[in-house]
Amino acid sequence: MPDFKTAKSEIEKLNKTYEAEIRTMVLEYQNTVKKFTQEAEQKTKEENLKRQAELQTTEQSIAGYRENAAKDLQAKQTELLKPIMEKARVAIQKVARSKGFNYVFDSTLGTGMIMADGTDLMIDVKKELGV
């Protein structure tokens, strides 16, 4: 389905954006760690403790950003795919009713359904969806 390809592309684009931002944050963190490590001997114990706390705060910030990015990505995926799945469901239901079926089983790999010989509605459903 073209809509699915578009949604998948948008999700991948968003994911790449988050990955790039996280990589940048981690790189900045690593550079700060390197700088603090090199300067540690010239700093007082209090300054080093303050810097250590600063690094911990940065670590927590990165972890929080990762978590929020994952949640946002999941929400975006749901937002984009839900109408597509509903459109497919309606088309499957329409085709099944027109052929007199009461039930249609999903035989997608990993769904737990084992299907022997039976009527495959995919061609008719694709026609209904205009795919």
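These are my notebook entries on a predicted model of one protein chain.

**Entry 1: overall make-up**

I began with the secondary structure. I counted 3 helices and 0 strands in the protein chain. Read from the N terminus, the order of elements is α-α-α.

Next I looked up the dimensions. The C-alpha trace spans about 80 × 30 × 15 Å along its principal axes. For the radius of gyration I noted 26 Å, whereas a compact globule of 131 residues would come near 14 Å.

I then turned to surface and burial. The accessible surface of the chain is about 10500 Å². Carbon and sulfur atoms account for 54% of that surface. Of the 131 residues, 16% count as buried.

**Entry 2: α1 against α2**

How do the axes of α1 and α2 cross? I took helix α1 as residues 2–39 and helix α2 as residues 45–98. Their axes come within 10 Å and cross at roughly 175 degrees. Angles over 145 degrees count as roughly antiparallel, so α1 is roughly antiparallel to α2. Sorting the contact of α1 with α2 by class, I noted 19 nonpolar, 5 polar and 12 charged residues.

**Entry 3: Arg-51**

I picked Arg-51, which lies in helix α2. Is Arg-51 buried or exposed? Its relative accessibility is 13%. The cut-off for buried is under 20%, so Arg-51 counts as buried.

Which residues does Arg-51 touch beyond its sequence neighbours? I left aside those within four places in sequence. The remaining contacts of Arg-51 are Lys-35, Phe-36, Glu-39 and Lys-43. Two residues of that list, Lys-35 and Phe-36, fall within the span of helix α1, residues 2–39.

**Entry 4: Lys-8**

Lys-8 has its place in helix α1. I read a relative accessibility of 44% for Lys-8, which counts as partly exposed. I also took a C-alpha to C-alpha distance here: Lys-8 and Ile-22 are 21 Å apart in space and 14 residues apart in sequence.

**Entry 5: two threonines in α2**

I looked up Thr-58 and found it in helix α2. With 29% relative accessibility, Thr-58 counts as partly exposed. From Thr-58 to Ile-84 the sequence separation is 26 residues, and the C-alpha to C-alpha distance is 39 Å.

Thr-78 also lies in helix α2. The relative accessible area of Thr-78 is 43%, so I logged Thr-78 as partly exposed.

**Entry 6: Tyr-103**

Where is Tyr-103 found? I located Tyr-103 in the loop between α2 and α3, the latter being residues 122–129. Is Tyr-103 buried or exposed? The relative accessible area of Tyr-103 is 65%. Exposed means over 50%, so Tyr-103 is exposed.

**Entry 7: recap**

The helices α1 and α2 are roughly antiparallel. Arg-51 counts as buried, Lys-8 as partly exposed, and Tyr-103 is exposed. The radius of gyration of the chain stands at 26 Å.

Methods: Residues are numbered from 1 along each chain as its sequence is written. This is a predicted model: local features need pLDDT of at least 70, side-chain atom pairs count only at pLDDT 80 or more; totals for chains, interfaces and linings use all residues. Side-chain values use heavy atoms; hydrogens and water are left out. Axes are lines fitted to C-alpha atoms, for helices over the stretch in contact, and angles run from 0 to 180 degrees between N-to-C directions. Helices (H or I, at least four residues) and strands (E, at least two) are DSSP runs, numbered from the N terminus. Angles under 35 degrees count as roughly parallel, over 145 as roughly antiparallel, 65 to 115 as roughly perpendicular and the rest as oblique. Ala, Val, Leu, Ile, Met, Phe, Trp, Tyr, Cys and Pro count as nonpolar, Asp, Glu, Lys and Arg as charged, and the others, Gly among them, as polar. Buried means under 20% relative accessible area, exposed over 50%, partly exposed in between (1.4 Å probe, protein chains only). Contact means heavy atoms within 4.5 Å. The radius of gyration is taken over C-alpha atoms; the globule rule is 2.2 Å times the number of residues to the power 0.38. Accessible areas come from the Shrake-Rupley method with a 1.4 Å probe; for residues, only the protein chains shown count as cover.
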